[in-house]
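Good morning, and thank you for making time for this item.

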Amino acid sequence: QVQLVESGGGLVQPGGSLRLSCVASGSIFGIYAMGWYRQAPGKQRELVARITNGGSTNYADSVKGRFTISRDNAKSTVYLQMNSLKPEDTAVYYCNVFPARGSWGQGTLVTVSS
């Protein structure tokens with residue numbers, strides 16, 4: 001089973017940027033499509049972006065053009081570069097395989113506020 005550790009969250013002003021990282025344990029990271037998900041207070045968890053093992057990407061409409069997902073299979077790490085952040089991006093961000101299954105990590109909190 002893959003274990004996931006997210007990091008990189010924090011408090012940022014609207015219009016700012018953050019880069020999230022997710023390190024996955026296990027030597028078979030490279031065969032999985034990976035996704036970044038988020039859960040805002042009082043809302044269901046949603047898929048933000050996903051990337052195949054070959055590097056093809058797909059984004060939720062709400063983040064398209066602002067967020068970029070990438071991966072480094074040699075480091076078993078997936079990244080989420082978030083630019084032009086908005087208050088509505090405030091959430092706990094998680095990574096998981098896509099489609100999501102198994103246990104979730106602890107997530108990393110992103111707060112966008114002035």
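The aromatic pairs in this predicted model come to a count of two. A pair of aromatic rings is described by the distance of the centres and the angle of the planes. Tyr-37 and Trp-104 make an edge-to-face pair, with the centres 5.1 Å apart and 90 degrees between the planes. This pair links distant parts of the chain, with Tyr-37 in strand S4 and Trp-104 in the loop between S9 and S10, 67 residues apart. Tyr-37 is counted as buried because its relative accessibility is 6%, and buried means under 20%. Trp-104, at 33% relative accessibility, counts as partly exposed.

The other pair is formed by Tyr-94 and Trp-104 and is likewise edge-to-face, at 5.7 Å centre to centre and 75 degrees between the planes. Here too distant parts of the chain are linked: Tyr-94 belongs to strand S9, Trp-104 to the loop between S9 and S10, and they are ten residues apart. Tyr-94 has a relative accessible area of 12% and is therefore buried.

Which charged end sits over the ring of Trp-104? That of Arg-45 does, 3.9 Å from the ring centre. A further arrangement of this kind involves Arg-19, which lies over the face of Tyr-79 at 4.0 Å from the centre of the ring.

I turn now to the sheet. Four strands form an open sheet, ordered S1-S3-S8-S7, with antiparallel pairing. The edges are taken by strand S1, residues 4–7, and by S7; each has a single partner strand, so one side of each is left without a neighbour in the sheet. On average, and ignoring direction, neighbouring strands here are turned by 15 degrees against each other.

Strand S8 deserves a separate word. S8 is antiparallel to S3, and six bridges connect the two. Six bridges also join S8 to S7, again in the antiparallel sense. Within these pairings, Val-78 of S8 stands opposite Cys-22 and is also the bridge partner of Arg-71. Gln-81 in S8 is the bridge partner of Thr-68. In the hairpin of S7 and S8, four residues lie between the strands, and Ser-76 takes a positive phi near 50 degrees.

Is S8 largely enclosed or largely open? Five of its six residues are buried, so S8 is largely enclosed by the rest of the structure.

In soluble globular proteins, nonpolar side chains tend to be buried together. In this model, the largest nonpolar core has 30 residues, and Trp-36, Val-78, Leu-80, Met-82 and Tyr-93 have the most contacts inside it. At least two residues of this core come from each of S3, S4, S5, S7, S8, S9 and S10.

Ser-21 lies in strand S3. Its relative accessibility is 18%, so Ser-21 counts as buried; the limit for that class is under 20%. Leaving out residues up to four places away in sequence, Ser-21 touches Val-5, Glu-6, Ser-7, Trp-36, Thr-77, Val-78 and Tyr-79.

Gln-13 is found in the loop between strand S2, residues 10–12, and strand S3, residues 18–24. Gln-13 is exposed, because its relative accessible area is 54% and the exposed class begins over 50%. What does Gln-13 touch, not counting residues up to four places away in sequence? Its contacts of this kind are Val-112 and Ser-113. Gln-13 and Ser-113 are 100 residues apart along the chain, and their C-alpha atoms are separated by 5.0 Å.

To close, I would return to two points.

Conventions. Residues numbered from 1 in each chain as written. Predicted model: local features only at pLDDT ≥ 70, side-chain atom pairs only at ≥ 80, totals over all residues. Heavy atoms only, no water. Buried < 20%, exposed > 50% of the residue type's maximum accessible area, 1.4 Å probe, protein only. Contact = heavy atoms within 4.5 Å. Core = buried A, V, L, I, M, F, W, Y, C linked by side-chain atoms within 4.5 Å. Pairing = 2+ DSSP bridges. Axes fitted to C-alpha atoms, helices over the stretch in contact; angles between N-to-C directions. Phe/Tyr/Trp six-rings, centres within 6.5 Å; stacked < 30°, edge-to-face > 60°. Lys NZ or Arg CZ within 6 Å of the ring centre and 35° of its normal.
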